[in-house]
Amino acid sequence: SIQQQLDRKPFTQVLNSYPKYGMYVIHTSISEVYNRLWCVHEVHEASKKNIKITGLFDPKAWTLPTFDRLMKIKTENAECSMKSDKEMLKETIDSGEGFAQLD
């Protein structure tokens, strides 16, 4: 089940290996990664472990207004399809560095 997979904490296991090249966040022009609460959570977890986070994007698809919009994103507004996940993730982030640190 998905819950059994989550209980194994695969993302935490990857972070605990302190990946040599850090973590890459791939931005697209189709969907904003920081509007997804699970993605915000993963960045939060990597940040807590001082893992280098690098954003990647397609320079042909991005414009200055796109970057401006990205800089104004409030991660606390990120969504999650399951209410129980949303509550758990928000509590986890709030008990750590908080959303403001991620913005």
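A pocket, on a 1 Å grid over the protein atoms alone, is an open set of points where a 1.4 Å probe fits, with protein on both sides within 12 Å along at least five of seven lines; lining residues have an atom within 4 Å of a point. This is a predicted model, in which local features need pLDDT of at least 70 and totals for linings use all residues. Residues are numbered from 1 along each chain as its sequence is written.

The largest pocket holds about 400 Å³ of space, a volume being the space filled by probe spheres set on the grid points. Its lining comprises 15 residues, with L6, K9, T12, W38 and H41 the closest to the centre. At least two lining residues come from each of helix 1 (2-7), helix 2 (10-16), helix 3 and helix 5, helices being DSSP runs (H or I, at least four residues) numbered from the N terminus.

D85, L89 and I93 are its buried residues (under 20% relative accessible area, 1.4 Å probe, protein chains only; exposed means over 50%). These cover an arc of only 55° around the axis, which puts them on the same side of helix 5; the arc is that of the directions from the helix axis to the C-beta atoms. On the face turned away from this buried side sit the exposed residues K83, E91 and D94.

Terms used
This is a predicted model: local features need pLDDT of at least 70, side-chain atom pairs count only at pLDDT 80 or more; totals for chains, interfaces and linings use all residues. Side-chain values use heavy atoms; hydrogens and water are left out.
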